[in-house]
Structures are given as structure tokens and as C-alpha cells.
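Try each task before reading its solution.

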Amino acid sequence: MLRRVIQQSRTFHRSIANTYSAPCHFSSSTISIDRSSLHNPPEHSHNPTSDSEIVKHLKGIIKFRGGPISLGEYMSEVLTNPKAGYYINRDVFGAQGDFITSPEVSQMFGEQMGRPERVNLVELGPGRGTLMADLLRGASKFKNFTEALHVHLVECSPALKNLQHKNLKCVDEENADENTDKRTVSTLVGTPVSWHATLEQVPSGSPTIIIAHEFFDALPVHQFQKASRGWCEKMVDVAEDSSLHFVLSPHPTPTTLYLLKRAKWAATEEIAKLNQIEICPKAIDLTQTIVERISSDGGGALIIDYGLDGVVSDSLQAIRKHKFVHLLDDPGSADLSAYVDFASIRHSAEEASGEVSVHGPITQSQFLGALGINFRVESLLQNCTEEQADSLRTGYWRLVGDGEAPFWEGDDDSAPIGMGTRYKAMAIVNKNQGVPVPFQ
């Protein structure tokens with residue numbers, strides 16, 4: 001059941017995380033590894049026997065450091081390494097696009113922002129560009145809004161940049177001035193489009209709307225495990241047989257500071273009952289960057305992802321060809337993702353600035369219901385074929401349903417799984433913008 005839930009969630013619009021690398025420095029040049037309290041997952045295959053490029057790279061880092069690397073750094077390398085990262089040189093998204101009910105950006109933020117002359121619409125990790133294309137089509141009837149838009153896509157994969165350029169129907173306009181970069185425009189609404197490696201590179205000074213749809217779940221996480229001497233970070237090291245395996249850090253690591261911060265935000269009893277905790281420093285830092293931009297420029301951010309409104313214990317998983325595999329099995333060939341800690345995002349935002357307000361998380365079902373998905377589907381069903389109607393009902397259930405679809409009459413293994421409660425939505429807005437529509 002869970003495997004099919006994950007498999008079907010992968011047909012949704014996944015997003016690409018910015019590279020996070022946090023090298024761990026140890027106070028002693030000699031490292032003694034404590035394995036006594038380490039939780040060992042099921043055995044995994046070490047095939048192929050010859051090391052891949054990314055495995056050689058990982059072993060080189062470990063050898064150079066003279067000790068293990070954090071799980072967060074391992075995750076960052078296998079997903080976004082410029083040469084061999086899982087996301088970098090391939091299209092990792094399924095052919096099936098998102099079923100979007102046109103949750104117009106203007107409806108969520110535009111009404112509260114007035115009519116600025118320029119608005120930055122930023123998407124973090126836009127995948128194939130499917131969501132952005134749908135957003136632009138949905139906003140096309142609001143001419144004043146689209147005329148002010150400048151789309152900014154934060155993307156690290158060259159392959160996906162090409163797909164985004166194609167799906168947004170972009171054209172590159174040559175400039176008369178040879179010293180000026182060429183201008184790229186989406187012909188969907190005549191909006192300029194720019195690509196950036198990080199959010200910090202997006203020009204400031206204009207109200208900004210930031211969309212992060214299945215982005216935070218791919219940010220590198222660090223895991224801490226409770227041992228006899230306290231919380232120890234789980235690390236990746238090279239075993240005697242030259243395979244990669246997990247060990248526990250003998251000393252506090254830089255991420256320990258984030259662990260202490262996360263523990264401060266949680267109730268004592270919430271932490272006491274756990275034997276393992278996942279921390280995402282990149283999510284905390286990125287949230288602060290988002291808040292700083294919204295505080296100074298105005299606007300808001302919408303985050304939609306699967307996760308929990310509380311401490312996450314042990315959610316990191318690897319999926320290859322729709323099947324779960326060991327985290328260390330053939331690095332770079334599987335997608336790694338973890339549950340998003342929405343409570344951590346909320347606390348990070350509230351600590352970063354008093355100029356913003358945080359709303360949610362609410363379930364994806366509640367979010368889309370407030371945006372009128374039910375009325376939209378009913379309207380579409382009035383003018384479609386039976387085949388189109390089946391597709392609409394299936395897509396609708398995946399977005400707002402819970403569990404297997406009760407109307408499904410086909411193969412049990414193909415039954416649509418509702419993600420309406422598993423996925424959650426959160427908004428961070430400048431207080432001057434009021435409360436976004438779905439959260440009122």
C-alpha cells in the first residue's frame with residue numbers, strides 16, 4: 001500500500017533541491033567509530049561490483065577528510081553532484097502531468113498586493129515546468145497581473161531547464177546590444193522568464209511570490225540517533241570490504257546546533273519518545289532567506305509538500321523504478337526524499353522576522369477545496385467524454401482523496417491513491433498582504 005502511495009506521488013510534480021554541502025569537521029585527527037548503538041537497516045546489494053563515478057567521488061571525499069561524511073552531504077552529492085547527480089542530467093519525472101484546477105496565483109496573493117508595476121513569480125525546483133505553465137494559463141485572464149509578471153525559475157539541472165523552456169513555450173529574443181543578455185519570453189502570456197541557481201540570485205526590489213511544490217522534500221536531511229552517550233549523527237563511511245555503510249559520529253558535528261534548535265522548538269515529551277530525529281538545515285536556512293525577501297519586498301510564499309506538522313523521526317527513503325531500495329545501494333541511481341517538517345519551517349519563519357505571518361499547514365484537500373476544486377471539476381464534467389471524465393475523477397481523487405478510490409473498478413494494483421491528507425500546504429506572507437484566500 002505505502003509503496004503504491006509513493007509510486008503514485010512520484011507522478012506529481014517533483015522539485016529539484018539546491019545543493020547543500022555541510023562538511024563535518026572533527027576535533028581529533030584519529031576517529032574511533034562507535035557502532036554499538038547504530039540501527040542497521042536491511043542488508044543491501046553492492047552491485048554493480050565496479051564503483052560508479054559518484055561512488056568513487058564519495059569515497060574520495062571520505063578518504064580526504066580522514067573520516068565519514070554526514071548523511072546530508074551524501075544525499076546532496078548523489079542528487080545534485082554536477083557530473084553524476086540523480087537530478088542533473090536526466091528527466092526524472094513521469095510522463096503524466098499534474099492535474100491542476102487552476103489555483104490562480106492572482107487569487108491567492110494578487111488581490112492583497114494591489115496592482116504593483118512589477119511582480120516576481122518564483123518557482124523553486126520547477127521540474128518539467130508543468131505547474132508554472134498551468135499557473136500562467138490560469139492567470140492569463142488577469143491581464144493587469146500577467147503584464148506585471150517576471151517569472152524566475154530556480155533550477156540546477158541543465159536537462160530540466162531545457163524541458164522548462166519547451167513547456168513554457170519560451171522564445172529567445174535577440175538584443176540589438178551585444179553586451180546585453182538575450183531576453184527569454186514565455187509565449188503563454190508574453191511574460192519574461194529567467195533561470196537562476198539559487199533564490200538569492202533572483203533580483204530584489206519588487207513584490208515576490210514564491211512557489212515551492214514538492215521542493216522541500218528533496219532537500220538534504222541529517223539523521224541523529226540516540227545512543228548511550230546521547231544524540232549522535234548518523235554518518236556514511238567506507239567499510240573494510242570497501243562498501244559504504246552507516247556509522248555514528250564520535251563527536252558533535254556542525255549540524256548538532258540545528259538539532260539543539262529543533263529540540264528547543266519541540267515539547268520535551270515529543271523528543272523523549274524518539275530514538276531517531278531528522279533535521280534539515282537547508283530547509284531552516286532557506287525559510288529564513290524566503291522570509292527576508294518577503295519582509296523587504298512584500299508578497300508571499302506557498303509551500304506544498306508531503307510531511308508532518310511536528311518532529312520527523314525516520315522518513316528518508318530511496319526509490320528506484322518505483323521500488324524501495326537501501327539508501328546506500330548504487331548511489332545516484334535512485335531518488336532520495338524525506339518528509340517535510342512543517343513545524344520547523346513555521347518556527348524558522350517566525351524567528352526570522354516579525355514582518356511575516358505563517359498560515360497552515362492545512363491538508364491539500366482543504367487547500368484545493370477552498371480554491372474551488374469541487375466546482376471546477378463539476379463544471380469540467382459537464383462537457384467531456386466518458387474517457388475524459390474517468391481521467392478527471394481519477395486525478396481529482398489523487399489530489400483530494402484519502403486512500404484507495406472507492407469508485408475504482410480496475411486492477412487493484414492500479415487503483416488511484418488519494419494524497420489529499422498526506423500532502424499539506426503552508427503560506428508565509430508579508431503581514432501587509434493580509435491572509436491568503438485558502439487560509440481564511
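Contact here means heavy atoms within 4.5 Å. This is a predicted model, in which local features need pLDDT of at least 70, side-chain atom pairs count only at pLDDT 80 or more, and totals for chains, interfaces and linings use all residues. Residues are numbered from 1 along each chain as its sequence is written, and side-chain values use heavy atoms, with hydrogens and water left out.

**Exercise 1.** Describe how helices α8 and α11 pack.

*Step 1.* Find α8 at residues 256–265 and α11 at residues 342–352. Their axes are 10 Å apart, at an angle of about 95°. That makes α8 roughly perpendicular to α11 (65 to 115 degrees).

*Step 2.* List the partners: α8 brings Arg262, Lys264 and Trp265, which meet Ala343, Ser344, His347, Ser348 and Glu351 of α11.

**Exercise 2.** Which residues does Phe216 touch, not counting those up to four places away in sequence?

*Solution.* Look for Ala283, Leu286, Thr287, Ile290, Ile303, Asp305, Val340 and Ile345 around Phe216.

**Exercise 3.** Is Ser157 buried or exposed, and what does Ser157 contact beyond four places in sequence?

*Step 1.* Locate Ser157 in the loop between β3 (149–154) and α7 (158–167).

*Step 2.* With a relative accessible area of 0%, Ser157 is buried (under 20% relative accessible area, whereas exposed means over 50%, with a 1.4 Å probe and protein chains only).

*Step 3.* Leaving aside neighbours within four places, Ser157 is in contact with Tyr87 and Ile88. A polar atom of the Ser157 side chain lies 3.1 Å from the backbone oxygen of Tyr87.

Methods
Axes are lines fitted to C-alpha atoms, for helices over the stretch in contact, and angles run from 0 to 180 degrees between N-to-C directions. Helices (H or I, at least four residues) and strands (E, at least two) are DSSP runs, numbered from the N terminus. Angles under 35 degrees count as roughly parallel, over 145 as roughly antiparallel, 65 to 115 as roughly perpendicular and the rest as oblique. A polar contact is a pair of N or O atoms within 3.5 Å; within protein, one must be able to donate a hydrogen and the other to accept it, and residues adjacent in sequence count only if both atoms are side-chain atoms.
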